[in-house]
Amino acid sequence: MSREEPMDGRSGWLDTGVFAGQVGVVTGGGRGIGRSVSLSLAAAGCEVVVADVDADLAADTAAEAGERGGKARAATLDVTDAAAVSAFVEAEARVDKVVNCAGMLRAAAVAELNPVDWAAVFELNVQGVLNVARAVHPRLSASPVSAMVNIGSLSGTSAYPGGGAYGPSKAALIALTHQLAAEWGRDGIRVNVVNPGPTKTPLLVSTQSPGAVARREAQSLLGSIPEPQNIADAVLYLLSPGAAAVTGQALNVDCGLSQTVMDGPASWSARS
Ligand SMILES: NC(=O)c1ccc[n+]([C@@H]2O[C@H](COP(=O)([O-])OP(=O)(O)OC[C@H]3O[C@@H](n4cnc5c(N)ncnc54)[C@H](O)[C@@H]3O)[C@@H](O)[C@H]2O)c1
């Protein structure tokens, strides 16, 4: 039996209007998971600032959110530029929600990865999130409904050959999430991380062969891999009042892929 189809650009479970009157910033909101998060947040009543280093992608997402009846603005922002991030946040009078989606993968064996690429991955996946977190802390402290969600990865908890700096950077991001949750809890700011498994973004579909995607699907407990909307749905839950007591947590959204390490009696007897 196939999984229930996610609703593109709209949370499949959250009533519209939950985030009405609030302002949310989504980094990397121009494409992939960030785009789905931006559209879903806007559909749920949030005024969304789609912040992306690619101005055209940011504008496209913001325009689409508007066409669907939501409120969204595009901002061109490189999250690795700390001064630019500070200026961007200072220009926003109010920020209630932040979703850090901007991230990158440069695949290579660790021993062969050149130091520039190693540093670039950490610069975006870890320092970029820290830049945003530092700048936005005063705004989030001032909001009675503040929450941040970072987008980690299953690669932050388990490795595969050729993953390079990506897994180590996502492990650091998961630890940074725990750290921020510990330090900001008494300011009323919840901070959580969603760890997607391989997700059907344009990037994944264009870089992995259909055979590789099919193998992942066959391996997972649900026989599929997530759509970007599945990740957005988890993010919206963590931002919502329904998660009011949830902070410092990592939520795997992977169709059960992370639970497939062990096998059982069926495969033991098949081998004998
Ligand atoms: N797609 C997957 O299978 C998968 C799995 C696990 C985790 N993730 C994580 O999810 C997040 C989003 O992944 P995606 O597949 O949607 O990626 P994507 O490449 O499709 O989108 C990333 C977006 O970030 C923007 N961006 C890149 N550098 C930036 C910068 N310096 N400042 C601001 N924006 C910048 C890009 O322009 C792009 O719009 C990433 O953190 C990624 O590591 C993805």
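Author: The answer below starts with the sheet, goes through its strands, and then turns to helices and loops.

This is a predicted model, in which local features need pLDDT of at least 70 and side-chain atom pairs count only at pLDDT 80 or more, while totals for chains, interfaces and linings use all residues. Residues are numbered from 1 along each chain as its sequence is written, and side-chain values use heavy atoms, with hydrogens and water left out.

Seven strands form an open sheet in the order β3-β2-β1-β4-β5-β6-β7, with parallel pairing. Its edge strands are β3 (71-76) and β7, each of which pairs on one side only. On average, neighbouring strands of this sheet are turned by 20° against each other, direction ignored. Strands here are DSSP runs of E with at least two residues, and helices are runs of H or I with at least four, numbered from the N terminus. Two strands count as paired if DSSP finds at least two bridges between them. Axes are lines fitted to C-alpha atoms, for helices over the stretch in contact, and angles run from 0 to 180 degrees between N-to-C directions.

Strand β1 (residues 23-27) is joined to β2 (residues 47-52) by five bridges, and the two run parallel. Val25 stands opposite Val49 in β2. With β4 (residues 97-100), β1 pairs in the parallel sense over four bridges, and Val26 stands opposite Val99 there. Five of the five residues of β1 are buried, where buried means under 20% relative accessible area, exposed over 50% and partly exposed in between (1.4 Å probe, protein chains only). Val23, Val25 and Thr27 point one way from β1, and Gly24 and Val26 point the other way.

Further along the sheet, β5 and β6 pair in the parallel sense over five bridges. The bridge partner of Asn150 is Val193 in β6. Seven of the seven residues of β6 are buried, so this strand is largely enclosed by the rest of the structure. Arg190, Asn192, Val194 and Pro196 point one way from β6, while Val191, Val193 and Asn195 point the other way.

Helix α5 (residues 166-184) lies across β5 (147-151) and β6 (190-196), running at about 160° to β6. Helices α1 (residues 32-43) and α2 (residues 55-67) pack at an angle of about 30°, with their axes 9 Å apart. They are therefore roughly parallel to each other, a class that takes angles under 35 degrees, with over 145 roughly antiparallel, 65 to 115 roughly perpendicular and the rest oblique. Arg35, Ser38, Leu39 and Ala42 of α1 make the contact with Thr61, Glu64 and Ala65 of α2, contact meaning heavy atoms within 4.5 Å.

Two loop residues on the β7 side remain. Pro241 is found in the loop between α8 (228-239) and β7. Pro241 is exposed, with a relative accessible area of 61%. Its C-alpha atom is separated by 9.8 Å from that of Ala147, 94 residues apart along the chain. Cys255 lies in the loop between β7 (250-253) and α9 (265-271). At 8% relative accessibility, Cys255 counts as buried. Most residues other than glycine have a negative phi. Cys255 has a positive phi of about 55° although it is not a glycine.
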